Amino acid sequence: MLLSPGYRRLLLLCVLLGVPIALACFFFVGLQHQLQHWVWTSLPEAAGYDTPPWWWPLPALVLAGLILAPIVTRMPGAGGHLPVNGLGGPPVGPKALPGAVLAALATLPLGVVLGPEAPLMAVGSGLALLAVRRRAGAGGDQRAGAILATAGSTAAISTILGGPVAAAVLLIEGAGLAGTQMVVLLLPCLLASATGSLVFTGFGQWTGLKIGALALPDLPPAANPDAGDFLWGIPTAALIAVLITLARELGHRTVSWTRRHTAVRTVACATAVGVCVAAYALITGRSPAEAALSGQAALAQLAADPHAWPVGALIALVACKGLAWGIALGSLRGGPIFPSVLLGTATAMACSGLPGFGVTPALALGISAAAAAVTGLPLSSAVLAVLLTGGDAYDQMPLIVTASVVSFVVSQLVRRTEPAAAHAPTPGTTG
């Protein structure tokens, strides 16, 4: 199959698709970032505030709920997949794509405590399926369409995960394929994501627009993990897994609650998220944007200067943002990974003051443990942590891998003790 002319044409098509998908993702993320900056920086300054006041999230989140409610109840695709179900589910097709894009652009900048990764994957799969349908017609090869949709999603997610490597590993582990089946699916995704990442990065340098990719430009000083880091790091990874899994359980319960009177209860959930974010700002005296947004900026600030965050502020961030994230998972639209990484890192940083527990090891294991708990993919989570920690990753790798495995096992054990009905996927999605 790899040597067949049809498969070679498919590979070429994936390379070609990577360019328009990357451009679409670039403008999507750039617009979302500009709207976010306007809501949380420009508008408060125009109103006479240096930073958003504690009550700022309340009207923003009520507005987000009012915008999202008709999208969820009336538009095809209901605004995209529910984030509590992870990044799984069938690809978002062309008919459902407008609702997913509108829901993301209209609500993510308002602070719904979710990330852009799921909407980006919807953009990638929707554009890929649109291209293959126009090329082959309604009776086209369904298998080729599925491969192209997956390649489009992978190309899109690679743009904000730092390149094609993390996206490809996530694909391999998430698909659960082996042998030649894995190679058949992996090659198109690698080509599409590599092309897309190149175009995305180059376009960002050319335009100068900020694209909001998950990155840590400044890190704490390098330090080799020792016995103390493992002594405290393993239970910290387990704690992160428990917190992330409990928040997801809240998301599942929220899904059940919003199945009836969906429009009204979607607004109610968005308002509850706003209350949680406002509570964080009121308790800590810090900007509510730290808890309201997806977490890329706050994670970079935390990594660059962890000592600027008091332990009390970190605990408040985990409690308030964790509660808001759990509610948002089951009612709003967006990606679940970025906020969970911030929650895990904040938990680990709050524990880093324990005797013998270093800041740099805490940062690395927090990223890995949180990603493993929310995705259920320990290898992908370890790779993501390695890429984010950069030069520090070589020394931290044993702790990163250990934290990922511990978090994955603990999260599975916690989920086994929960009622099975709580994890039943909604129609049209997979868990």
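**Exercise 1. State how many aromatic pairs the structure holds, and describe two of them.**

Solution. The structure holds 3 aromatic pairs. Rings of Phe, Tyr and Trp (its six-membered ring) pair if their centres lie within 6.5 Å; planes under 30 degrees apart count as stacked, over 60 as edge-to-face and the rest as tilted.

The model is a predicted one, in which local features need pLDDT of at least 70 and side-chain atom pairs count only at pLDDT 80 or more, while totals for chains, interfaces and linings use all residues. Residues are numbered from 1 along each chain as its sequence is written, and side-chain values use heavy atoms, with hydrogens and water left out.

**Exercise 2. Classify Phe26, Phe27, Tyr49 and Trp55 as buried, partly exposed or exposed.**

Solution. Begin with the cut-offs: buried means under 20% relative accessible area, exposed over 50%, and partly exposed in between (1.4 Å probe, protein chains only).

- Phe26 has 0% relative accessibility, so Phe26 is buried.
- Phe27 has 49%, so Phe27 is partly exposed.
- Tyr49 has 32%, so Tyr49 is partly exposed.
- Trp55 has 32%, so Trp55 is partly exposed.

For the protein as a whole, buried residues make up 55% of the 431 residues.

**Exercise 3. Describe the surroundings of Trp40.**

Solution. Helices (H or I, at least four residues) and strands (E, at least two) are DSSP runs, numbered from the N terminus. The protein has 16 helices and 0 strands.

Second, take the accessibility: at 4%, Trp40 counts as buried.

Third, list the contacts (heavy atoms within 4.5 Å). Leaving out residues up to four places away in sequence, Trp40 touches residues including Pro52, Trp56, Pro109, Pro288 and Ala292. Ala292 is 252 residues from Trp40 along the chain, and their C-alpha atoms are separated by 9.7 Å.

Fourth, look for a polar contact, a pair of N or O atoms within 3.5 Å; within protein, one must be able to donate a hydrogen and the other to accept it, and residues adjacent in sequence count only if both atoms are side-chain atoms. The side chain of Trp40 reaches the backbone oxygen of Pro109 at 2.8 Å.

**Exercise 4. Check the span of helix α9, then find what its buried residues pack against.**

Solution. The expected span of a helix is 1.5 Å times one less than its number of residues. Helix α9 covers residues 262–284, and its 23 residues should therefore span 33 Å. The end C-alpha atoms are 33 Å apart, which agrees.

Among the buried residues of α9 are Thr266, Cys269, Ala270, Val273, Val277 and Tyr280. An α-helix has 3.6 residues a turn, so residues three or four places apart point the same way. The buried residues of α9 pack against α2 (57–74), α8 (227–258), α10 (289–292) and α12 (311–329). Just after α9, Gly285 takes a positive phi of about 75 degrees.

**Exercise 5. Say where Thr236 is found and which residues Thr236 touches.**

Solution. Thr236 is found in helix α8. At 4% relative accessibility, Thr236 counts as buried. Not counting residues up to four places away in sequence, Thr236 touches Ala348, Cys351, Phe357 and Leu365.
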